Amino acid sequence: MNGGKWVDPAPFEGVRPRVPWWVLVPGKVKWIAALVALVWLLVVGVVRLVLVVVRYPVVTLVPVSAAWCWWRFGLSPLVLALLSLVAALTIWAALDRGSFLRHGWYRLVTEWRRATVYVPKWRSVMRLADLAKRDRGREYRPKLRRVRSEGWRDRVRVEMVPAQSPEAWELRRDGLAHSFGARSCRVRVLRPRVIELDFVHRDPLLRPLPVPALTDSTEVDLKRVVVGRIETGRPWRLRLLGSQVLVVGVPGAGKGSVLWSLVWQLAPAVRAGLVRLVGIDPKGGMELGQCPDAFDRVVYDNGPEAVALLEEIAAEVKERAARYRGVRRLWARSTGEPFTVLVVDELADLIAYQPDKQLRERAVRAIQTITSQGRAPGYAVVGLVQDPRKEVVGFRHLFSTRVALRLDEPQQVDMVLGDGVRQRGAAAHEISENTPGVAWAKEDGEREPERARAFHVTDADLVELSVFLADAKVHDFPTRPDGSGEVAA
Ligand SMILES: Nc1ncnc2c1ncn2[C@@H]1O[C@H](COP(=O)(O)OP(=O)(O)OP(=O)(O)O)[C@@H](O)[C@H]1O
C-alpha cells in the first residue's frame, strides 16, 4: 500500500489474449443473428434467381422445362414437344411476321445481346468512359437496367449515379456506340436519374414510303397531320393548328416530299373548302407549279406580287385575331372560316436574297406578323429553306415545329433544332444522300426530337392529286347527228 493506493508488486507483462467481440455475445443472440443472416442470404438468392428468370426468360425457362419434360416423360416426348414448338413458331412467323418478331424473336435477341454484349462490357466501359466514380474507396457505377432489342436498335435503360447529368452521357455517345458495337448512340431522359440509351444498328427508314390512298374523308386532324413514318414505325405527325412549320434541307434533301405529303393529306379538306392553301414559289413555279390546283392563290415570284400577297394575309390575320379576341382562343371548324396554310418555298428568296431592300423589309414584317399572330386565328406558315443561317431566317424561333432534313454542317443542325438537340443524337448532318425525305423533327416544348421519313410523292402522285383537286368538269361527248347520244366506235 502506498498512501492508501494499491501498487501491483509484479505487473503482468505478457500479451493479453484478444478475443473477438462476438465471443462475448450471449449464445442466444448468436443463434438469432445466424438465423437472420441465413434468411437474408436466402431472400437475396431467391431475388437474384427471379431477376435472372425475368431478364432471361427464354434461355432459362425453355431448358428448365425441357429438362423437366425429359425427366418426367422421357426423350421421345421431349423431341416431339420441341418439334411441335418449332412448327408452331414457323407458322406464327409465316402468319404474322410483325408479332412474331416483336414478341418472339426480338425477346431472344434481347437476352442474347444483354448476356453477350452489355453485361460483360458494362463495368469496364463505365470505368474507361469515366462514367463510374470513386469516393472514399467506394465505387459508384451506373446501373444497367432493362435491355430491349427491337432489331434496328437496342434500348438500354440506365440508372445514373448521384450528381450525374444526362449531358455527361451525351458527350460520350460516340465512345459508347463503338464500345458496344453499334452504329450510333442516342440519349433520352425517362425520369429523374433514369436515362435510356438507344444503340442503333441499322436504319429502319432506308426504303421510300409510298403515299397512302387519297380518301374522301374530310376528317383531317390539323394538330396531327400524318406526313410519313417515324423510326419506330408509328406515323409521323406534323402539327399545323397552333403551330408554324419550318422545313430546312440542302438541295435534294427532300423538302418537296414534306410539303407535298402535307398537301396530300390536306387534299380532301382543301376540296371541301375547310382548308385553304396559299402559295409563294420564288423559283418560278418549279415546286408549287407541279400541282397548282391545290392552291387557292399562288404567286411564282419573290417580287411585289408576292409581298402584296403576304401583306394581304397579314392583314387578314390581324382582322381575324381582332374578331376572335375575347371570344375564342384557337381557331376551330365551327367558326365556319377555312384554316389557311401559307406555303413559302425558298423563304430566303423573299426575306434575304431579295435585292430591293424595301420589298425585303415588307416581306419580313408581313411574315413575322403571320407567324407570331397567326396561331389563334387559324393561319399556319410552312416555310421551306435551304440555308438556316441567322441572316437568312432571323426569326426561326417563331416556327414552333422545325424539321431538319439533310444538312451540311453540325452548326446548321443547332440553328434549326436548337441548342443541345444534336448532342442528344439528332445528327441531321449525318443523314445519307441516299435517303432523301429523312429528317429530324422537333416541336417546341418536347425534349426529344423524332427521326422520320416523309412519304415519297412522285410525279404520278401529283397528277393524281391534281385530278382529285381539279374542279369537276362536264365534258361534251360527240353525239350522232340523229341525237341518239351514242359515240361511234
Ligand atoms: N421522301 C422521299 N422518299 C424517297 N425519295 C425522295 C423523297 N423525297 C424526295 N425524294 C427524291 O429526292 C430527290 C430530291 O427531292 P426534292 O426535289 O424534294 O428535294 P428538295 O429538297 O426539294 O430540293 P430543292 O431544294 O432543290 O428543291 C427527288 O428525286 C425525289 O424523288
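I take helices (H or I, at least four residues) and strands (E, at least two) as DSSP runs, numbered from the N terminus. I am working on a predicted model, where local features need pLDDT of at least 70 and side-chain atom pairs count only at pLDDT 80 or more, while totals for chains, interfaces and linings use all residues. My residue numbers start from 1 along each chain as its sequence is written.

**Entry 1: annotated spans**

I looked up the UniProt annotation "transmembrane region", which in an unreviewed entry covers residues 31-54 and 74-95. UniProt positions are in the numbering used here, feature names are shortened, and annotations may be inferred rather than shown by experiment. Residues 31-54 are 100% helix and 0% strand, with 34 Å between the end C-alpha atoms. For residues 74-95 I noted 95% helix and 0% strand, and end C-alpha atoms 32 Å apart.

**Entry 2: domains**

I read the domain assignment as domain 1 (45-95), domain 2 (110-200) and domain 3 (211-469). These bounds come from an automatic or database domain assignment. Between the C-alpha centres of domain 1 and domain 3 I have 54 Å.

**Entry 3: helix pairs**

Two packed helices are described by the angle between their axes and the distance between the axes. Axes are lines fitted to C-alpha atoms, for helices over the stretch in contact, and angles run from 0 to 180 degrees between N-to-C directions.

Ala66, Cys69, Trp70 and Phe73 of α2 make the contact with Leu75, Pro77, Leu78 and Ala81 of α3. Contact here means that the C-beta atoms, placed from the backbone, lie within 7 Å. By class I list eight nonpolar, no polar and no charged residues for α2 with α3. Ala, Val, Leu, Ile, Met, Phe, Trp, Tyr, Cys and Pro count as nonpolar, Asp, Glu, Lys and Arg as charged, and the others, Gly among them, as polar.

Next I took α3 (residues 75-95) with α4 (residues 97-128), whose axes come within 5 Å and cross at roughly 125°. That makes α3 oblique to α4, since under 35 degrees counts as roughly parallel, over 145 as roughly antiparallel, 65 to 115 as roughly perpendicular and the rest as oblique. Leu89, Trp92 and Ala93 in α3 meet Arg97, Phe100 and Gly104 in α4. The classes in this contact are four nonpolar, one polar and one charged.

**Entry 4: the four-stranded sheet**

I found an open sheet in the order β3-β4-β6-β5, paired antiparallel. Strands pair if DSSP finds at least two bridges between them. β3 (143-149) and β5 (184-191) are at the edges with a single partner strand each, so one side of each has no neighbour in the sheet. Ignoring direction, neighbouring strands are turned by 25° against each other on average. Seven bridges pair β5 with β6 (residues 194-200) in the antiparallel sense, and Val187 stands opposite Leu197 in β6. α4 packs on this sheet, touching β3 and β4 (153-159), and its direction makes about 150° with that of β3.

**Entry 5: strand β8**

Which strands does β8 (residues 225-230) join? I noted four antiparallel bridges to β9 (residues 235-238) and three, also antiparallel, to β17 (residues 450-456). Val226 stands opposite Arg237 in β9, and Arg229 has Arg453 in β17 as bridge partner. β8 and β9 form a hairpin with four residues between them, where Gly233 in the turn has a positive phi of about 100°.

Methods
Contact = placed C-beta atoms within 7 Å.
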